[in-house]
Amino acid sequence: MLIFIPYCTLLGIPLFTTISGAKEARFHGVEIHLVSFRSYGAALLCRNRAGLLGLATHFHQGWSLRENPTHWYNHVLNALGYLPRNGYALADHIPPTGGPVVVYADRLSETRGRPNYWLQTCSQFGRDGRYALPYVRFLEAVRRHRLPVVFDTQHYLEYALNVRGVEDLPQDRRELFDLLAEGWRELGSFVKEIQLCDSDPRLGHTGGRNVFIGEGILPLRDFCRLVKESGWDGVVVPEVKPSHLLRPRRIGELRARVIELFS
């Protein structure tokens, strides 16, 4: 199992201290999220800095305001010119690379012929405010074409239940585990990467997302045990709010938490 640290940017600024902290904390790599990059340049600079430290890199698709309008910070980023324009193509957004790239499920048609594009269990929103690609169609396509998948513990629940925020998720841990276990049975054999996320619906639509691993209500210990028992081996990215990645101590705690959950 390889553990990557997420993000590495904040409001368009590469977080080189986070990359250095990831190396010191013995992460294996960095997943560079392309949201808030105005051009390829800063993203490639992050990749090069990580490479100099011996860290592997993945890229992660960003989003336009139309695709993700429900959080206040996206309106700020868009006003500052940090989000891609509405209607952007992946070819214009993702730096040329042969390495893995996490893309959203609704970009399914743009992944043809690109085995390095891994489909996340999450669709962006269409003009009607609904998921642009419903989960049942995503699942059907993955099974038919044996497509590589990124299983996101938070987004999967929203996507499979067809809700638009963590505040609408069930709060019973047994029910949440049963849902995650069903998703793993359906998709586990296609999963290349797990984005390990935790949520606290009591904190609301934005505040309740990507809380520090183990501080929310998702049954991550039971889920990680299920994954381990299935014999899965791949990349794990513990996704937390970027503010946690500004503190070296917290970076070390994040990796330790992942190791603990899978032990």
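The following is a conversation about a predicted model, for a reader new to it.

Biologist: In which order do the strands of the closed barrel run?
Modeller: The barrel has eight strands with parallel pairing, where two strands pair if DSSP finds at least two bridges between them, and strands (E, at least two residues) and helices (H or I, at least four) are DSSP runs numbered from the N terminus. The order of the closed barrel is 1-4-5-6-7-8-9-10.

Biologist: Are helix 7 and helix 9 roughly parallel or roughly antiparallel to each other?
Modeller: Helix 7 (residues 173-187) and helix 9 (residues 220-229) have axes 10 Å apart and pack at an angle of about 25 degrees; axes are lines fitted to C-alpha atoms, for helices over the stretch in contact, and angles run from 0 to 180 degrees between N-to-C directions. Angles under 35 degrees count as roughly parallel, over 145 as roughly antiparallel, 65 to 115 as roughly perpendicular and the rest as oblique. The two helices are therefore roughly parallel.

Biologist: Which residues of helix 9 make the contact with helix 7?
Modeller: Contact means heavy atoms within 4.5 Å, and on the side of helix 7 it is made by F177, L180, A181 and W184. On the side of helix 9 the residues are D222, F223, L226 and V227.

Biologist: How many of the nine residues of helix 6 are buried?
Modeller: Buried means under 20% relative accessible area, exposed over 50%, and partly exposed in between, with a 1.4 Å probe and protein chains only. The buried residues of helix 6 (residues 153-161) include H155, Y156 and L157, and among the elements covering them are helix 5 (135-145) and strand 7 (117-120). Helix 6 is largely enclosed by the rest of the structure, because its buried residues number seven.

Biologist: What is the relative accessibility of L169?
Modeller: L169 lies in the loop between helix 6 and helix 7, and it touches L157, E158, L161 and V163, not counting residues up to four places away in sequence. L169 counts as buried because its relative accessibility is 6%.

Technical notes
Residues are numbered from 1 along each chain as its sequence is written. This is a predicted model: local features need pLDDT of at least 70, side-chain atom pairs count only at pLDDT 80 or more; totals for chains, interfaces and linings use all residues. Side-chain values use heavy atoms; hydrogens and water are left out.
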